[in-house]
Amino acid sequence: MKILASGPSGPAAELDPLRAAGHEVVIGRPLDQPGRAAYSEADLGAAARDCQVILASHLDRISRGVMEAAPALRLVIVPFIGTDKIDAEAATALGILVANSPTPENFIAVAEATVALTLMLQKRIKHNEAKLRRGEWAQRGDRGEFLFGKTVGLVGLGRVGSHVARRLVNWDVRLLAADPYVSEERARSLGATLVDLPTLLAESDVVSLHASLTDETRNLIGEKALRAMKPTAVLINTARGEIADEEAVARALSEGWIAGAALDAFTREPLPAASPLRAVDPERLILTPHNVSHSEAGRRANLALALDQILAVGRGEPPAHCVNPAAIPRWRTR
């Protein structure tokens with residue numbers, strides 16, 4: 001097979017297992033390339049024209065147009081969890097499989113990062129560090145908050161949300177969860193109470209987003225939702241930027257609808273220089289460049305799982321983590 005790695009994040013030698021199996025590997029635009037930008041639809045379609053597989057980066061959108069420009073394409077796979085930049089519906093119609101790489105190193109790392117960001121806001125770490133670096137010392141008004149005794153609301157109780165719950169269940173917090181696809185029994189097994197979103201927003205001291213990006217969740221947290229939160233509450237988004245309205249979040253912080261926020265994902269990445277988020281008080285808003293959960297160990301594990309699935313497709317087997325299994329019957333006959 002001919003495989004396009006549209007944006008590898010490590011050395012080219014990491015793709016040697018594919019070459020050793022007799023596959024041709026084409027390197028696109030490495031992520032560490034200075035000024036690296038996402039492909040246009042036309043450029044990515046041209047790069048993938050003769051390929052059977054696209055190993056896609058998080059910057060590159062795999063549209064119907066890209067897939068139609070690559071008539072031999074059989075698999076689009078990402079070495080991470082999110083597949084929202086791949087038109088899975090079009091892929092299914094075309095008989096192309098879409099797969100992701102949900103390793104424990106991936107979703108556990110996001111859960112750890114969520115807890116860390118929550119604590120940074122509760123303990124006012126950025127505020128107090130800035131004060132110390134200015135040569136000042138602590139005063140009564142610089143004190144933070146306990147996490148124990150608080151209510152933590154998890155919007156989404158899938159792989160990441162469930163691991164956040166597991167980490168917080170022994171912190172003496174009250175856990176709420178809003179997820180229409182999870183049973184009350186499943187929530188109870190994680191120490192959480194299943195509620196609707198309005199209840200979660202009204203009662204939580206911490207609102208943490210862990211939903212997948214779908215038409216249902218796009219702009220789920222907008223002005224109405226933010227105004228429904230407690231003025232002392234904080235918002236954490238380690239999921240997808242499009243789930244929260246960034247302009248509304250900026251206003252919520254600037255106008256005091258909520259007390260703080262931590263964002264690791266954005267609607268446009270890299271975050272534009274003109275984003276209103278950049279003007280918000282940095283002591284109340286933590287911004288990280290969609291990497292707060294990243295580690296070298298996690299990156300290598302994700303890539304290894306992606307390569308294993310590509311090799312399986314080369315043997316005529318569907319990938320283990322196919323997200324559009326309805327495409328498999330047509331895929332087998334291509």
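Q: A crossing is left-handed if the near helix is turned anticlockwise from the far one by less than a right angle, and right-handed if clockwise; which of the two is the crossing of α5 and α7?
A: The crossing of α5 and α7 is right-handed. Helices (H or I, at least four residues) and strands (E, at least two) are DSSP runs, numbered from the N terminus. The model is predicted, with pLDDT of at least 70 needed for local features and 80 or more for side-chain atom pairs, while totals for chains, interfaces and linings use all residues. Residues are numbered from 1 along each chain as its sequence is written, and side-chain values use heavy atoms, without hydrogens and water.

Q: Why are α5 and α7 called oblique to each other?
A: The axes of α5 (residues 104–122) and α7 (residues 159–168) come within 8 Å and cross at roughly 50°. Axes are lines fitted to C-alpha atoms, for helices over the stretch in contact, and angles run from 0 to 180 degrees between N-to-C directions. Under 35 degrees is roughly parallel, over 145 roughly antiparallel, 65 to 115 roughly perpendicular, and the rest oblique. The pair is therefore oblique.

Q: Which residues make the contact?
A: Contact means heavy atoms within 4.5 Å. On α5, the residues include Phe107, Ile108 and Val110, and on α7 they include Val160, His163 and Leu168. By class, the contact has 8 nonpolar, 2 polar and 3 charged residues. Here Ala, Val, Leu, Ile, Met, Phe, Trp, Tyr, Cys and Pro count as nonpolar, Asp, Glu, Lys and Arg as charged, and the others, Gly among them, as polar.

Q: How do you know that β1 and β2 pair?
A: Two strands pair if DSSP finds at least two bridges between them. Strand β1 (residues 2–5) and β2 have 4 bridges, in the parallel sense. Isoleucine 3 stands opposite valine 25, and leucine 4 opposite valine 26. On β3 (residues 53–55), 3 bridges join that strand to β1, with alanine 5 opposite leucine 55.

Q: What length is expected of α12?
A: The expected span is 1.5 Å times one less than the number of residues. Helix α12 (residues 296–314) has 19 residues and reaches 27 Å, close to the 27 Å expected.

Methods:
Left-handed = near helix turned anticlockwise from the far one by under 90°.
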